[in-house]
Amino acid sequence: MAERTLAGKRVVVVGASAGIGRAFAVRAGKEGASLVTAARRADRLAEVVAEAGCGTSVAADARSVEDCARIADAARERLGVIDLLFVSIGYAPLRMFADTSPDEWFDVLQTNVVAVHRAIKACLPVLAPAALVATMTSETVGQPRVALGAYSSSKAALAESMNAWRTEHPGFRFCNVTVGGTVPTEFTAAFDADLLGVAVQQWIARGLLQQTMMTPDDVADVLAGMFASVLDFPGVGPENLVLRPASPLVTPRECV
């Protein structure tokens, strides 16, 4: 059986400046994909392109309609069409649910749901037949965690929005990638340390935390192999992929 890679595939990664998005963009470039990367931080994107050894970078905020149009224009100009659109963006306020402010609700929904919708909508005319569109959801959907209520709600909305895309555009394939604990990323960068300590104890007490975490590089490598296989079989539509750490749960006794 031939090795399946992203070589020769036309790939756009939105949210390529950090975390899993960055690791995936680097992996795709090193495998020989034709690559367009997009994120807000131009300096980070330049580093990604340099490490990947190829690619075009677009400094863009997916929350902006105009910036999403620029991503699509760059894809059309550089790639012609898109085989794989991977949107790896997200924002999580760490806040008790009753304390979540209207502004925090707006920010989390704008980033995790509306911005993803805008990126997909802008790129829709550039997608190749049977193109794969993949977004990042979270294991917190259906496994609620203290102080992440707004985040998990937004990711549930994102997953349902992918059902809507799939229903209305059956010529393309839309996939939710559910990812468990992964470090290091910037996910917790703005978290309040004291509240995080309280929340983690609650997560452990509810059996929601593994002893070891995955790394962005490991997750990206697994996704690259999966996506490469899917792109080679246009008749197969992966709707949901779940990646979690393969390790035992942390018990309250272990944290004493």
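Is Arg244 buried, partly exposed or exposed, and at what relative accessibility? At 38% relative accessibility, Arg244 counts as partly exposed. Here, buried means under 20% relative accessible area, exposed means over 50%, and partly exposed lies in between (1.4 Å probe, protein chains only).

The model is predicted: local features need pLDDT of at least 70, side-chain atom pairs count only at pLDDT 80 or more, and totals for chains, interfaces and linings use all residues. Residues are numbered from 1 along each chain as its sequence is written, and side-chain values use heavy atoms, with hydrogens and water left out.

Helix packing is considered next. Two packed helices are described by the angle between their axes and the distance between the axes. Helices (H or I, at least four residues) and strands (E, at least two) are DSSP runs, numbered from the N terminus. Axes are lines fitted to C-alpha atoms, for helices over the stretch in contact, and angles run from 0 to 180 degrees between N-to-C directions.

Helix H3 spans residues 65–79, and helix H4 spans residues 102–123. Their axes lie 8 Å apart, at an angle of about 40 degrees. H3 is therefore oblique to H4. Angles under 35 degrees count as roughly parallel, over 145 as roughly antiparallel, 65 to 115 as roughly perpendicular, and the rest as oblique. The crossing of H3 and H4 is right-handed. A crossing is right-handed if the near helix is turned clockwise from the far one by less than a right angle, and left-handed if anticlockwise. H3 contributes Val65, Cys68, Ala69, Ile71 and Ala72 to the contact (heavy atoms within 4.5 Å). H4 contributes Arg118, Ala119, Ala122 and Cys123. By class, this contact of H3 with H4 has eight nonpolar, no polar and one charged residues. Ala, Val, Leu, Ile, Met, Phe, Trp, Tyr, Cys and Pro count as nonpolar, Asp, Glu, Lys and Arg as charged, and the others, Gly among them, as polar.

H4 also packs with helix H5 (residues 149–168). The angle is about 20 degrees, and the axes are 9 Å apart. H4 and H5 are therefore roughly parallel to each other. Their crossing is right-handed. The contact residues of H4 include Trp105, Val108, Leu109 and Asn112. Those of H5 include Tyr151, Lys155, Leu158 and Trp165. By class, the contact of H4 with H5 has 12 nonpolar, four polar and two charged residues.

Charged pairs complete the description. Side chains of opposite charge can pair when their charged atoms come close. A search of the whole structure finds 15 salt bridges, each a side-chain nitrogen of Lys or Arg within 4 Å of a carboxyl oxygen of Asp or Glu.

Arg4 lies in the segment before strand E1 (10–14), and Asp232 in helix H7 (residues 216–232), 228 residues apart. Arg4 is partly exposed at 29% relative accessible area. Asp232 is also partly exposed, at 31%. Arg4, Lys9 and Asp232 are linked in a network of salt bridges.

Arg44 and Glu186 form another salt bridge (2.9 Å, N to O). Arg44 is in helix H2 (residues 42–52), whereas Glu186 is in the loop between strand E6 (173–179) and helix H6 (193–205). The two are 142 residues apart.

Arg244 pairs with Glu139 in a salt bridge (2.9 Å, N to O). Arg244 lies in the segment after strand E7 (240–243) and Glu139 in the loop between strand E5 (127–138) and H5, so the pair ties together parts 105 residues apart in sequence. Glu139 is buried, with a relative accessible area of 7%.
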